[in-house]
Amino acid sequence: MAIVRLIGYFSSIAGYSEKEFIIDQPIKVRDIVNFPNIPEERIIVLINEKGANLDSIINSTDYVKIFPVIGGG
Amino acid sequence: MTGYHGKLLQVNLNSNNISDFVYPESWKDDYIGGRGFAVKILWDQLPKGVDPLSPENILIFSIGPLSGLTLPSSSKMVVAAKSPLTGGYGDGNLGTRASPMLKKAGYDGIIVTGKAEYPVYLLINNNNISLEDARNLWGKGTYDTEAALEKLYGKKAGFLTIGQGGENLVKYATIRSQEGRSGGRPGIGAVMGSKNLKAVVVLGNQQLPIVDPEGVKKLGKEGYRTIKKAGMYEHWMAQGTTMVLEWCHETSTLPTLNFQQGQFSGFKNLDGNELARVKTTQFGCPRCNMQCGMVIKDEAGKDSELDYENIGMLGPNLGIDDLKKVGVLNWLADDYGLDTISLGSVLGMMGEASQHNILSEKVNWGDFDKFKELVTRISFRSDELGNLLAEGTKRMADHWGGDAINWAIQVKGLECSAYNSFSIPGMALSFATSPIGAHHKDAWVISYEINETNRDSYEILKAEKVIELQRIRGGMFESLTTCRFPWIELGYSLDNYPKFLHQVTGNSNWDLNQVFKVADRIYSLIRSFWVREFHSEGIEWNKNFDYPPAKWFNEELAGDGPYKGAKLDRTKYDQLLMEYYNLRGWNENGIPKSETLAKLDLVDVDNYLKTLI
Ligand code: SF4
C-alpha cells in the first residue's frame, strides 16, 4: 500500500488530501495524479521525503507527497 | 518625459522648510528608484553615526518608475531610514494608494528630516504642500487615524500613518496604509514617530511622466490577462499566501513554539483551507488583480486581514490554534502599527523564557489572553516588561543573558520571518544575508532547496540561488516598486519588466542583465552603509553578522516529523557563506572588495571604506 498526500490546492483539485493506493506493479507518479492546468515545473514530488518527479516510480510501501511550488511570499 | 519627475520632496521638520531635491540624472540608470534611491540618499546625506531616533535621521518614502501605472501590482512604495532596531540600513515596502498619488502629485519620493515641535501630518496636494496640526490624532490607532483623515480628504487620497507603536518608539513599529497594508519592519514607523510625524496624506492629479503610454497600457492589460489565465490563479485567489501554512507544516519548516519545532498539531485550524472557509472578504493593494489580504471576523468582531506571515508568527509560534484569536492579535498589531513578524517572535521568545522558568512573570504556550495583554503593554511601553519587549529579541537576549541568545530568532537584530530553517541551509543563508536583517522578501529558496537540491546540503548552488533571487526580488522589484507576487506565485514573466522600463523611460538599453547590475550596486552600497554605521559604534564588520540565529546551530529541531533532530553545521555554513561572498565579490569579512566596487561604479564608496578599514 502506497500513500499519496496532496498538499495545498492539489487536494482541492483532486478532491482528496490523502489516499492509499494498492500498487501491484511499479507505477509512475503521473499515472495516479493529474493536474492538467498546472505547469509541471510548479509541482514538487517527494517520495519518502526525498526529491522525485512525476516520472519517478512508486513502490508499494512508498509515502508520496505532492506540493505546489510556491515562491514563499 | 523620462519616466521620472526628477525630484523628491524635501521636508525639514525642524525649520518647517519644504523644498524640492533635484537628484542627478544619472540616478535613474544607476539606481532605478525605490530601494535604490533610498540607500543612495542615506549613503550621501546621512551623517555617519546618527542615532536612528534622533531628528538627524532621514526618513524616506520612495517610489519607482513603474509605481502606480496600470500594470500588474504596481502600487508599492519603499519606506526607509537608518533602523532603530538594527542600527543599519532599514527598509520595507507596502502597497498603498500613496504610491500612485505621489507619482500624480509630481514627485518620485519624499525625504523627511528633523523633528516637529508638536505632532503634525504632511499634506501633499500636487504642489501645495503643508504641515498640519496632528495633535488631535496623536494617541490614536492607525484605523481611527485613517478614518479621521479620510473624512477630511476623501477615500481617494493616499494615507500613510503610524499608530501608538510608532509614537512610543517601539523598535519594530511599521507604517500603515489604508488598504490594510504595513511596511518598514525594522522600525521605520518608530523613526516616523520620533519625528512627531503622525501621517502623510497625498493627493495628485497631474499627468504621469511616461514616454510610451499606449505601449504601457497594452502590455499592462496583457499582464493582467496573463495573470488571470494562470492555472494557479483561482487557488491563489481562494487562499493567497495562507496556502503556505500547510506547506510549511508538511516540510517541517513551520515556526512552532518559538521555532523550537517545525510542525504544529493544530495547523488544520489555521491553514489556507480554513481561511478560505471563514474569510468574509479579501483586500489588496491598488492596481492589483491578485488581492491577497484575507479578511476574517476575529473573536472581538473586528475585520482582521491575515496573510501567512502573521498567522504563522501569531499562531503556531505562540501555540495558538484558533484563527479568530490569531485575528485579534493581528488586528491589535495593525492598529498599534507593529510588525507582526517581530511581534510574534518577541512573544514567542517570552514564551520560551517562561518555559525555562527564568522570569517571575510567565506566559504559557497558547495563553491567548496573556499574549494579548502583552501586545498592549509593548505598544505603550507601559511597564518594565512591556518596555523590554518593545526593544526586540536581540536586546531581550542581551538583557536576560545566558541561554537567551538561543531564543532570539533574529539576524542583525531583525527577527526572522515564518520559516524555520534547522534543516534548510540555503534559507538560513538567505535570512543571514538579507540586506535589512532576517527577512524573506529578498530571497526565499525553500521550494528550490527541497525540489532541486539535496535539502540539507550546503552546495554552492544554494548560494547562487540566493544571489539570483536577491537580484530579482531585492534588487529589481524593490527598486521598480512593483509587487513580486505576479512573478513568484503565478509565473508572470520577468522579461516584461525591462520592457515596461523601456516604455516608461524611453531607454532601450534596459534588459535583465542591466537591471541586475543595478541590483548588485544596491546590495554593495547597502552593505557599505552597514559597515560605515557599525564602524561609527566602534564595531568592525565581520562575517559573524551574516550568521543565522544561534538556535539553528546550538539546538535540534524538536517535536514530530521526519526532520526531528536536524540542525545546522557551523563549519559547513561557514564554507557556504564564503562561497556567497566570493560570488558577490566581497572579502572574507563580507565587505565589498575594491575591484567589485569599481565594477559597480562605486569608487567613491571604496575610497571612503578604505579610510575605515
Ligand atoms: S499580490 Fe498582494 S501584496 Fe502584491 S500587490 Fe497584490 S494585494 Fe498587494
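This is a predicted model: local features need pLDDT of at least 70, side-chain atom pairs count only at pLDDT 80 or more; totals for chains, interfaces and linings use all residues.
1. As to where the ligand is placed, it sits in the largest cavity.

2. The two domains that contribute to the shell are those given by the domain assignment of chain B, namely domain 1 (7–203) and domain 2 (236–419). Their centres, taken over C-alpha atoms, are 26 Å apart, and the two domains touch through 38 residues of domain 1 and 36 residues of domain 2.

3. The size of an interface is often expressed as the accessible area that is lost when the parts come together. For domain 1 and domain 2 of chain B, the buried area is about 2800 Å², and carbon and sulfur atoms account for 48% of it. Of the area that domain 1 of chain B buries against domain 2, B:Y143, B:Y172 and B:R185 supply 29%, which is more than any other three residues give.

4. Charged side chains also meet across this domain interface, where four salt bridges are found. B:R185, already named for its share of the buried area, forms a salt bridge with B:D339, and the closest N and O atoms of this pair are 2.8 Å apart.

5. Turning to the two chains, 26 residues of chain B are in contact with 26 residues of chain A. Together the chains bury about 2200 Å², with 56% of that area on carbon and sulfur atoms. On the side of chain B, the residues B:M232, B:W247 and B:E250 supply 26% of the area buried against chain A, again more than any other three residues.

6. Between chain B and chain A the count of salt bridges is three. B:E250, one of the residues listed for its part in the buried area, has a side chain that meets the side chain of A:R5 in a salt bridge, with an N to O distance of 2.4 Å.

Methods
Residues are numbered from 1 along each chain as its sequence is written. Chains are lettered from A and ligands numbered from 1 in the order in which they are written. Side-chain values use heavy atoms; hydrogens and water are left out. On a 1 Å grid over the protein atoms alone, a cavity is a set of points where a 1.4 Å probe fits but cannot get out, and a pocket is an open set with protein on both sides within 12 Å along at least five of seven lines; lining residues have an atom within 4 Å of a point. A molecule sits in a cavity or pocket if more than half of its atoms lie within 2 Å of its grid points. Contact means heavy atoms within 4.5 Å. Buried area is the accessible area (1.4 Å probe) that two parts lose on being put together, summed over both. Domain bounds come from an automatic or database domain assignment.
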